[in-house]
Amino acid sequence: MAEGLWTTQVGSLPKSEELLRARSAWARGEISRDELKTLELQATRDWILFQEEIGIDLVVDGEQYRGDMVAYFAEEFSGFVRGGLIRSYGNRYYRKPIAVGPVGRDRPVTLEWWKYAQSLTSRPVKGMLTGPYTIADWSFNEYYDTKEAFVMDLARAVREEAVDLAKAGARFIQIDEPAVSTRPEELPLAARALAVVTEPLHEMGVHTITHICYGEFHRAYPAMLELPVTQIDLEMANSGYDLLELFREHPFTKVLGLGVIDVHSRRVESPEEVEAGVRRALELLPPDRIYVDPDCGLKTRTPEEARAKLRVLVEAVDRVRRDLGIKPSPPR
Amino acid sequence: MLVTVVGSYPRVPHEGREFLLRRATEEHQSGRISDAELRQVQDEVVREVLREQAEVGVELATDGGVRWDDPQTAFAGRLAGVRLDGLVRYFDNNVYFRQPVVEGPLEWRGPVLVEDFIFARRESPVAVKAVLVGPFTLACLSQDLFYGDLRELTLAYARALHSEVVELERAGAGVIQVDEPSLLRSPEQLPLVREALEVVFGGVSATTACCTFFGDASRLGPDLFELPVRFIGLDLVSGPRGWELLEAVPPEKGVALGLVDARNTRLEREEEVAEAIERAVGVIGEERVWVNPSAGLEFLPREKAREKLALLARAAARVRGRGG
């Protein structure tokens, strides 16, 4: 019997109002780190149990303890200081980190969180890391003379974290590189840095994933197939699955992470439209080379919207599986 | 020589000061304060940004675009025929804009930026220029569901911009600039950009400028100076090979040189910036040189934006002190 069409997540999940208020209170010094952490542990547990309940095959911890995907690692690594506020859009701002010395990892960053999440479920939990190219590209650099030196130091730091996760038992590790799609000319550098991270993982039999978004794919494709990972995860729903057309010209050679939920829209997709998207991908790839997930992390949605969207995702995949006789099975 | 800016300026307050604009914008979005109340808060930020530029030595300032969500939608979003869609990354920056979707014929329905310009001009201690996104870049950053042709869309934006530019000039704008970063990604479209800017600036007697940034302008070659504007902006940080073009500046044109990095916090050395200015002045003379950061300053924290401008102004003063 065929298998595949595993359901998963890109990474972040929404924080509850209570957790958001606690984070602000902690930032203002009104509650302790331990008080905040108690809530983060509870929120992580809630999301793991929800994913298990609805039938997500490869789950995530939901990043309830992270803010910005780059600033989180920069604040945990050595060599960075917190920068001032930068506006990303409209009335939204983030603190862009500044590298002021050699960057590196003094201690594990996400390891304890991964172990905790995995202890709560029998399903595999993805290790979730931000890639070296993206951390460098989304930080200011006051220390390194070249971007390459900056990126390669970060690659070594991320590699240490990734190897720790693999040693602890993580069989799926995602290293997000959303910045690579914006400068195709720097793709070789991004690939070289990613190889530093994924080489030891592949030797340990880990399924590696990178997530790429918000870019001009027509400029980065098919060159992005040179990224040294098992799976490339792409947003599809918010561009009407246009990217699949690129695969007709240059076959997609990796395992595909198929984004079927628009994370920027409040509207909950219908199972029919998600099903149609999955079937379009099946015209080009066999089911055992497809993982189905939202376009991106769901943290910008409300918890209710995210739960509704994820239920639709699972329902649509179940329909296709039943129709094609694909048995539910653990992801490989 | 003029010390100027490319356009945007951080609306974030200095460290330790209350972020009134952020709160007012939230309150406005949730309907708790009126348009007029939000505008008052924005007015105060514009005054502060104008004062700050003048204090550090900028001689031709902007209002920093602090009222806008992003520069594209500030203009295109107000035209008939345009709907605003999801967020798209702004070039290779970790910054986003709402993508304009062109669904029907573009139509200018009345002045968009004139009121803001008049306010800035009245409040600024120094001269103020009006800055708009150019027609080609607007076309490239839009999704076209109507014209089906890049040239048609570019020229339609150019006609709308022309109507705005005429109003800006009538309102007293002595310097009007359009930004065309997309040209650096499609150098083969230079003839189209030239044609479109002829439409935008036809019959205009203000000093005109076209800034390019986020890339290397040298690929365009000396033909770049055929653009029908008085000043052409080069980002010499992203594209240091742009220096090669300096020898080719025709006598009736000037250049706006992007000399300090608007996208990294590392401060340049003042002496090196002064040497760069001196080099440019040596080639084409002081009259035809503007100096500015490599792009809009909103990519930097507020403190760094101010420091970079101050450094640039000090470097320019050193060159003037040497007698050019």
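Let's start in chain B, where H6(B) passes H7(B) in a right-handed crossing. A crossing counts as right-handed if the near helix is turned clockwise from the far one by less than a right angle, and as left-handed if anticlockwise. You are looking at a predicted model, in which local features need pLDDT of at least 70 and side-chain atom pairs count only at pLDDT 80 or more, while totals for chains, interfaces and linings use all residues. Residues are numbered from 1 along each chain as its sequence is written, and chains are lettered from A and ligands numbered from 1 in the order in which they are written.

Back to that helix pair. Helices here are DSSP runs of H or I with at least four residues, strands are runs of E with at least two, and both are numbered from the N terminus. H6(B) covers residues 150–170 and H7(B) residues 190–201; the angle between them is about 25°, with their axes 7 Å apart. Axes are lines fitted to C-alpha atoms, for helices over the stretch in contact, and angles run from 0 to 180 degrees between N-to-C directions. So H6(B) and H7(B) are roughly parallel to each other: that label goes to angles under 35 degrees, with over 145 being roughly antiparallel, 65 to 115 roughly perpendicular and the rest oblique.

Who touches whom? Two residues are in contact if their C-beta atoms, placed from the backbone, lie within 7 Å. From H6(B), residues including B:Leu155, B:Ala158 and B:His162 meet a group in H7(B) that includes B:Leu192 and B:Phe201. By class, this contact has nine nonpolar, two polar and two charged residues. Nonpolar here is Ala, Val, Leu, Ile, Met, Phe, Trp, Tyr, Cys and Pro; charged is Asp, Glu, Lys and Arg; the others, Gly among them, are polar.

Chain B has another helix pair to look at. H1(B) (residues 20–29) and H2(B) (residues 35–56) pack at about 160°, their axes 9 Å apart, which makes them roughly antiparallel. H1(B) passes H2(B) in a left-handed crossing. Among the residues that meet are B:Leu21 and B:Ala24 in H1(B) and B:Val41 and B:Val45 in H2(B). Six nonpolar and three polar residues make up this contact, with no charged ones.

Chain B also holds an open sheet of three strands, ordered E3-E4-E7, with mixed pairing. Strands pair if DSSP finds at least two bridges between them. E3(B) and E4(B) run antiparallel, joined by seven bridges; B:Arg83, for one, has B:Val101 in E4(B) as its bridge partner.

Now for chain A, with its eleven helices and twelve strands. Its radius of gyration, taken over C-alpha atoms, is 19 Å, close to the 20 Å that the globule rule gives for 332 residues, so chain A is as compact as a globular protein of that length. The rule itself is 2.2 Å times the number of residues to the power 0.38.

Seven strands of chain A form an open sheet with parallel pairing, in the order E1-E12-E11-E10-E9-E8-E6. At its edges are E1(A) (6–7) and E6(A) (127–130), each pairing on one side only. E9(A) and E10(A) pair over four bridges, and A:Thr210 stands opposite A:Ile232 in E10(A). Helix H7 of chain A packs on this sheet, touching E8(A) and E9(A).

Finally, the two chains meet, with 21 residues from chain A and 24 residues from chain B. On the chain A side, E3(A) gives the largest share, five residues.
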